[in-house]
Every structure is written in C-alpha cells, then in structure tokens.
Amino acid sequence: MAHFIKKAASISSISLISRILGMIRDAIIAFIFGADTVSDAFFIAFRPFDLVRKMMSDGILSSSFIPLFAEQFAQNKKEQAAAMFLNALFFISIAGALMVGLGIYFAPFWVDLFAPGYGTGSYSHTLSCLLFRIMMPYMFIVFFVALSMSVLHASGNFHVPAATPVLLNLCIITAAVIFSNQFTPKIAVLAIGVTAGGIVQLAFQIPSLAKLGMFDFKTFVRVNPHVKKAFITLGPSMIGAAAFQINLLVAGLTASKLDPGAVSYLNYAERLVQFPLALVASPVATVLLPMLSAMAGARCLKPGQPSGGVPRFNFFDQTEETQDLRLLFDAGIRMVFFLIIPATVGIIALNRPIVLLLFGRGAFDLTAVDQTGQCLVFMILGVWAVAGTRLFVAFHYALSNIRRPFMAGVVSIGCNVLLCRFFVERMGVTGLSLSVSLSAVAGFILLAASRPFGIRGRGVLVCACRAVFMSVIMFFL
C-alpha cells in the first residue's frame, strides 16, 4: 500500500509542476488575448485536439491497452508486448495520417461542427479554420504519444509520461511570450506552439520506449489478436472513460451560440477544475489501472470468484507482496475523496479571488473575471463525482469490464445534452457549467450503485462525510 501511495504522490508532484506551468500559460494567454472573439476562436479550434489528447491518454488507449500490456509485462513476455506496440503503432499511424489530411481539407466542416454559432465566412469562422489547420499535425502526434504513455504506464514508468505535459506548456509559453508579435494574426502563435509542443513530447518519449525494447521490428506482425481486441473496445471505452470531456465539448458547442467570450469563460473555468483533478484523481487512477490490471492478470480473477490474497508478482516491486484488489481500490478512493472535497469547497469559497489572481490583468477585464468565477463555482460542484468516476472506471477496465462504465457514460452524456438545453435558456453560460456537474453526478451514481465485486461503500461514505464536515468549517472560516 505504501508503494502505491508513493507512486501516486510522485506523479502528483510532477503534475503539480505541469499544472503550475499550465496556469502560467493560461494567464499569459488571458493577458495577451483576453476573453473575446479571438480567444474564443483559438479555444474552439483547440478543443477537439485537447479532447482527443485527454481521451487517448487518460481514457481510450489507457483503458483499452493497459490491461493487455500489463498482463504481458507481468508475465515477462516483452516480445509479445513489443509486437503489440508495433502492430498498434502501424494502425495508429495510418489512421493518424488520414485524419490529418482530411482535417486540413475539411477544416470548415469541422469548425461548423464544433462551433455551430459561427456563421460561414465570418471572421470567427475563418480564424478558427486557420488555427485548426495549423494544429492538425498535432492530431497524428497525440495518437503516438498516447500509445507510448500506455506502454510506459503498463511497464511501471509513470515519470516520463507525467512530464510530457510540462514540455507542451513550455512550448506554448515560449511561443506566446517571444513570438506573439511576429505573426498575423497574433493568435496563430498559440497554434504553432501546440504543434511544436507535440513534436517535443514525442521526441521525449521515444528513448524510454527504445529502452524497453519496443522497437524490435523482428516481432512485427500485421494482425495481433490483443491489439484487435483493444481496438474493438475503443468506442465503448471512449464513452465510459471520457464522458466528462465529451460533456465539456457539448457545453462548448452550445456556448459558441452565446455572446463573445462565453467559450473562453468555460475554458478558463475548466482549467481551474482540472487542477485538483490532475493533482489528486489522475495520479491515483493512473497508478491503479496498471496495478489492478497486473494483479488481476496474475490471478486470472473472474466475476464471482471469491476474494483472497493476490499472489506475489514482480511487476511493480519484487520485495513487496501485493494487496487485495478491493483493499487497494478502497484506499485509493478514500484518499481521493479526502483530498478532493476540501479542494472543492476551498475553490467555491475563493472562486473570484482565484480567477482575479490568475487571470485578472491585461485584456482579461472584470466582466471576464466575474463570468469565469461563476462558471467555476457551478463546474467545481461536480468535481468529486468526476474524480470518483475515474477510479471506478479504472477498476472496471482493469478487470476487462467495459459494459458498466459505458452505460454510465451514456447516461451522463444524455443528461448533459438535455440539461444544457434547459439551463442555457435560464442561466446562460453558467447554466452550461451546472449541467456538466449534474451530469457527472448522474454517471457516478450509476457506477457506485453497481458496487463491483462486493466493494463496501460504507467506509468510503464515512470518509467522505468527515471530509465534508471539515470542509464546511473551512468554508465559513
């Protein structure tokens, strides 16, 4: 258990550096471009790339490939793991190249899809198309980076994947600060920084993959049954693991029909919501998925099999006996709730001062501060459900169970579509934030109610209630 906490804390410390740089990046963007038509165009163009990046690294590829990769590493079958990697890379390269070509050619169509409120031929529409085309090569890169992150996670290497977002943020910051006055329109420098950051991320991960022997081309086969199985589960995995990101995308689409700046308000609020998620929920889920997958693979756990001690295996630590799957998951979710609930209450209490401190300067005026702060309050209300969902999804996927997360994702997305239409007419852009939160809660309730493999929720509920009690005292103080 101490080994698990140590790895999660290590990832969290690296994520803290990345999130600090991310906040600096967003503060610089807010200072230079503010929250208006230009910034909305960038965030609209960047949203699909950001969505795919998060789904691939945190959702689709991780949940589909890590259980299979982890089983190979746990059994010391490195040649089979290399064959899986090369076969997956082969198909991902073909799909990525096709997506880049089609994306550049059909950019106006994609902008119409992601920003239905932008009229064809308008300045916002034309600018979004330009930025979308500049960033399109990043789509190919993000597939490769996500696959390599899955392999490194499965092998027990969490530090290199955790450090890659740092490089992306550094590239965007450098581009915005140094080269922003050398491009017309000025906002194009951000799109160039995104593409350059993707190239640097890819170059950073290749040596670690080579060290694992993943580029042993003698093992390449055209058809790999494990890769075939992983690709078959990609669609359901996307719905189950990335429902929150899809809901944010839906909210952004609706916001494009509102007044200029609405998309930016949602984006900056989301960045602040992602901060506690990245420091608490993501590290725990990242460590849980490969650990539980390897443990389940080692003992060939099947639904209905009695719980017991898990045999020793040398995947993460040769000298430490692994814990029971349920105990490990129970410890993870208690840790997340105990930390995420006070963070939620603290952000609610200090929403406007936080936004003012981070973004309230330059072109980011007080109106933008107030609107972003209100969006932040409603969006942060559901962050505990998002965190809990990530852990439950990791637990289900580790045991090759995708049905329950898929159903929870469908329910969450369906609720969000309906609630967005209901709340946007009554509350404007803040109503979109509230619909995202309520939808996350609906999906979490469905997952938690299933109580997979006899997980006891009483202890988790008691821990959460304690955190709520202390957080309420903190709120009033």
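1. Ile17 is found in helix α1, which covers residues 2-33. Helices here are DSSP runs of H or I with at least four residues, strands are runs of E with at least two, and numbering starts at the N terminus. Ile17 has 48% relative accessibility and therefore counts as partly exposed; buried means under 20% relative accessible area, exposed over 50%, and partly exposed in between, with a 1.4 Å probe and protein chains only. The C-alpha atom of Ile17 is separated by 9.4 Å from that of Pro165, 148 residues apart along the chain.

2. The model is predicted: local features need pLDDT of at least 70, side-chain atom pairs count only at pLDDT 80 or more, and totals for chains, interfaces and linings use all residues. Residues are numbered from 1 along each chain as its sequence is written, and side-chain values use heavy atoms, with hydrogens and water left out.

3. The overall composition is as follows. The protein chain has 19 helices and zero strands. Of its 477 residues, 57% count as buried. Among contacts (heavy atoms within 4.5 Å) with a separation of 6 or more, 83% come from residues 24 or more positions apart.

4. A search of the whole structure finds five salt bridges, a salt bridge being a side-chain nitrogen of Lys or Arg within 4 Å of a carboxyl oxygen of Asp or Glu. One of them joins the side chains of Arg271 and Asp26, at 3.8 Å from N to O. This pair links distant parts of the chain, with Arg271 in helix α12 (residues 262-299) and Asp26 in helix α1, 245 residues apart. Both Arg271 and Asp26 are buried. Arg25, Asp26 and Arg271 are linked in a network of salt bridges.

5. Helix α12 also holds Glu270, whose partner Arg47 is in helix α2 (residues 37-74), 223 residues apart. The side chains of Glu270 and Arg47 meet in a salt bridge of 2.9 Å, N to O. Glu270 is buried, and so is Arg47.

6. Arg426 forms a salt bridge with Glu425, the closest N and O atoms being 3.9 Å apart. Both Arg426 and Glu425 are exposed.

7. Helix α17 (residues 403-427) and helix α18 (residues 429-450) have axes that come within 7 Å and cross at roughly 155 degrees. Axes are lines fitted to C-alpha atoms, for helices over the stretch in contact, and angles run from 0 to 180 degrees between N-to-C directions. The two helices, α17 and α18, are therefore roughly antiparallel; angles under 35 degrees count as roughly parallel, over 145 as roughly antiparallel, 65 to 115 as roughly perpendicular and the rest as oblique. The crossing of α17 and α18 is right-handed; that is, the near helix is turned clockwise from the far one by less than a right angle, while anticlockwise gives a left-handed crossing.

8. Helix α16 (residues 383-398) packs with α18 at an angle of about 40 degrees, the axes being 9 Å apart. That makes α16 oblique to α18. α16 passes α18 in a left-handed crossing. Residues making the contact include Trp384, Phe392 and His396 of α16 and Phe444 and Leu447 of α18.

9. One loop feature remains. The peptide bond from Thr184 to Pro185 is cis, with omega near 0 degrees. Pro185 lies in the loop between α7 (159-179) and α8 (188-211).
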